[in-house]
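The sequence and the coordinates are shown first, and the description follows.

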Amino acid sequence: MTFSLFDDDALGGPTTEQLGPASFVLRAFARDRASALLEAIDRVETLSPFRNMRTPGGHTMSVAMTSCGSLGWISDARGYRYSALDPLSGKPWPAMPDLLLNLAQEAALAAGFADFTPDACLINRYLPGARMSLHQDRDERNLGAPIVSVSLGIPATFLFGGMQRSDPTERVHLRHGDVVVWGGEDRLRFHGILPLKHNDHRLVGPRRINLTFRRAG
Ligand code: MD3
Ligand code: FE
């Protein structure tokens, strides 16, 4: 007799849910490689640490961020943009580990997007209480490419809105190992993350790590 010891093991094997006309949740798609992904993220973090960036409006984001790949996303008093250099280290962002690139390409293909070659992977770290308010991702030069998102650690409630900030939102629970792919007409939808509840994950601890792979340049 075997028992399922952990909540995200109890959720079953990989399945696909369609969120919108061109967006898909690949449940548990990354779960088997989570430990290896976390080790790769540790190495990125050693070179380019997580930091809470300032918004142009003068607020500090509750989500801490870093990046890997040839471009990284930054925010400061001058605005939001992609940069080839990490302003903290003054050096290029760490290279995107093959493990991360392969996962992004496999997930994009599974959702029907062939030839996805991301040049940026933004890594978000949420501690309990951290949130991301409704926004659109439109700093990328190529809005025709999809975005692939990977959730690790404690669960979060994702808000999936429409093309206007005021449009109604749908709630989607994202758990350890879930991958979401957003393309086509869903690419510019407003979206956000509700404040995370206090929680603890056996592998990741009391935090959530989200990877988003983009074609930014
Ligand atoms: C839908 N991150 O980094 S990932 C972000 O969980 C971001 O950390 C959230 O929004 C997180 O910009 C959500 C899911 C996501 C990412 C990009 C999207 C959903 C998207 C772009 C268009 C539509
Ligand atoms: Fe976003």
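Are Arg 187 and Glu 140 buried or exposed? Arg 187 is buried, and Glu 140 is buried as well; buried means under 20% relative accessible area, exposed over 50%, and partly exposed in between (1.4 Å probe, protein chains only).

**Basis of the description**

This is a predicted model, in which local features need pLDDT of at least 70 and side-chain atom pairs count only at pLDDT 80 or more, while totals for chains, interfaces and linings use all residues. Residues are numbered from 1 along each chain as its sequence is written, chains are lettered from A and ligands numbered from 1 in the order in which they are written, and side-chain values use heavy atoms, with hydrogens and water left out.

The average pLDDT of the chain is 94, and 94% of the residues score at least 70; pLDDT is the predictor's confidence in each residue, from 0 to 100. Residues 1-5 have a pLDDT below 50, and this stretch has two contacts in the model beyond near neighbours in sequence. Contact means heavy atoms within 4.5 Å.

**Salt bridges**

Side chains of opposite charge can pair when their charged atoms come close. The structure holds 10 salt bridges, each defined as a side-chain nitrogen of Lys or Arg within 4 Å of a carboxyl oxygen of Asp or Glu. Some of them are listed here.

| Pair | N to O distance |
|---|---|
| Arg 187 and Glu 140 | 2.8 Å |
| Glu 140 and Arg 214 | 2.9 Å |
| Arg 215 and Asp 119 | 3.8 Å |

For the pair of Arg 215 and Asp 119, Arg 215 lies in the segment after strand 13 (208-214) and Asp 119 in the loop between helix 2 (98-110) and strand 6, 96 residues apart. Helices (H or I, at least four residues) and strands (E, at least two) are DSSP runs, numbered from the N terminus. Arg 215 is partly exposed because its relative accessibility is 31%, whereas Asp 119 is buried, with a relative accessible area of 8%.

Glu 140, Arg 187 and Arg 214 belong with Asp 137 to a network of salt bridges. Both Glu 140 and Arg 214 are buried.

Asp 137 counts as buried because its relative accessibility is 9%.

Four strands form an open sheet in the order 7-12-9-10, with antiparallel pairing. Strand 7 (132-135) and strand 10 (170-174) are the edge strands, each pairing on one side only. Two strands pair if DSSP finds at least two bridges between them. Strand 9 (residues 156-160) and strand 12 (residues 191-193) pair over three bridges in the antiparallel sense.

Asn 124 is placed in strand 6 (residues 120-126). Asn 124 is buried, with a relative accessible area of 3%. Leaving aside neighbours within four places in sequence, the contacts of Asn 124 include Phe 50, Val 63, Met 132 and Arg 208.
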